[in-house]
Amino acid sequence: MLKRDEWLPLARKLDWDYSYVSEKDVFPEVASGRPWLPHKEWKNWDEPYRTSYTEYVVNQHAKDASVYAVRDAVGRLSDFQRLASPWLNALKLHAAALPLAEFAATVGNLRAGRFGRDSAWRTMATFGALDELRHTQIPLMVMHELVRWDPQFDWTHKFYHSDDWVAIAARHFFDELLTAADAIELAVGTNFVFETGFTNLQFVGLSALADQVGDHMFEKMVTSIQTDEARHAQIGQAVLENVIKHDRKYAQYLLDKWFWRSWLLFAIVTGFSMDYFTPLEKRSCSFKEFMEEWIVDQYLRSLQELGMEKPWYWDTFLESLELYHHMVYISAYTYRSTVWFNFVVPSPEERAWLRDRYPKHWDQIDAAWDRVIDRWRASKPGDEASVHGQAMVTFCDLCQLVLCGGTPSRNTATTLDYGGRKYIFCSEPCLWIFGREPERYSGHKELVKRVLSAEAPAALPELLTRYFRLTPETWGKDAYGGDYPWLQRPAAGEIG
Ligand code: MN
Ligand code: MN
């Protein structure tokens, strides 16, 4: 009988020579990616997590069974109702951002399962597609329980079907990364940068955080997903090594583009959760410290091992570690009715904690919170409209997020004239990415251009309900209606 080592290559390496079509017809560059190389350059493709279909099915079945067991034990509505109110918003943010992006990853992996250049790669990508389908279904199943309690959880499924500004940005990112990318860009952008560089480690951090706040269902879900990611992310380095060998410059470009794009989205989803939605007594480190320890060090080490450079914008990135998620958070707080989850004003103790961890620019962010708090003091609890922005804000033509680069006093927004149109970017790296592939990005309209061309309504109430698909029930509010124990309001008679 054959041993595993003897039969596994027979089940993984299934390529054959074509006799009546050319290899280029079977694997066109537009779908397979560049550099386009004959199969002999890919035939040694290998990754460390070799698995067979039988092993895959047995393992995945066991993982699913253990998720269901945890759900039976601690995944009931009453378990979620016990969680701290700010944390529920971290849950709503992740619940919406995650599952349908995972489904887009199913599509991306199926394309790689067809157009990847070696059969072992295609096999791994096929398992990856099955993984991502599981990552779609688990959060949909877990969060469904909560919809009857809190309609904001309905956005778990609704989010990507809306034209909410966060959904526009997230789709712009995931559509390019997962459904538009060829097999090589998918492997480098998704498997290497996004999964190995960010989500794999993020899941480790998030599950620890969920454990601390007592959210054991979320912890289990994330841990279970992470074990799949750790396996299929291995596709990335195996592909990247060959791209580096044949076209180092292009490899560097893909790495730098996807690191920046991933960073912006990651800063919002994870930055908000760690520095604002986790109760202070449960925090073990700041988002910046987490990034430095888990993402920055490891990513730089893996680049070094591959003989690649760190991104040219590294100083800009390090500066944005101090600032970016704080800038987006306070901006989004001021426009909270435009999203599907609630916000909290950081308490005096939380602000002291943040000052301690972000000494470089916290003064400026802190001053902005003082203004928010003054406005709450001057208005009645629950009077959301009087502590809310009214004017339309501007969005970046690359990342589609609010222009939040730099500090409150020095925004790093920058413009470009291209094809008779004026484009605006939140940062130098966003401008640089656009400039490298203008034909890919220039046709897309960010939210303000949609309003100006009457595709989207200009008045905020109509924009929220008709375009963003929010309702007074679901749109974001201050989680406490501005009624904080530390926010001393003047007695009723004193409000002028
Ligand atoms: Mn996934
Ligand atoms: Mn994945």
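Predicted model: local features only at pLDDT ≥ 70, side-chain atom pairs only at ≥ 80, totals over all residues.
1. Some housekeeping. Residues are numbered from 1 along each chain as its sequence is written, and side-chain values use heavy atoms, with hydrogens and water left out. Local features need pLDDT of at least 70, while side-chain atom pairs count only at pLDDT 80 or more.

2. Start with the manganese ion (ligand 2). Its protein donors are E132 (OE), E195 (OE), E229 (OE), E229 (OE) and H232 (NE2), at 1.9 to 2.7 Å. Donors here are N, O and S atoms within 2.8 Å of the metal (3.2 Å for Na, K and Ca); water is not among the atoms, so sites may look incomplete. Along the chain the donors follow the spacing E-x62-E-x33-E-x2-H.

3. E132 also bridges this ion and the manganese ion (ligand 1), the two lying 3.4 Å apart. Distant parts of the chain are linked here: E132 sits in helix α8 (residues 119-147) and E229 in helix α12 (residues 216-232), 97 residues apart. Helices are DSSP runs (H or I, at least four residues), numbered from the N terminus.

4. Both of these glutamates are tucked away: E132 is buried at 1% relative accessible area, and E229 is buried at 3%. Buried means under 20% relative accessible area (1.4 Å probe, protein chains only).

5. H94, in helix α6 (residues 85-97), is buried too, at 6% relative accessible area.

Conventions. Chains lettered and ligands numbered in written order. Helix = DSSP H or I, 4+ residues; strand = E, 2+ residues; numbered from the N terminus. Buried < 20%, exposed > 50% of the residue type's maximum accessible area, 1.4 Å probe, protein only.
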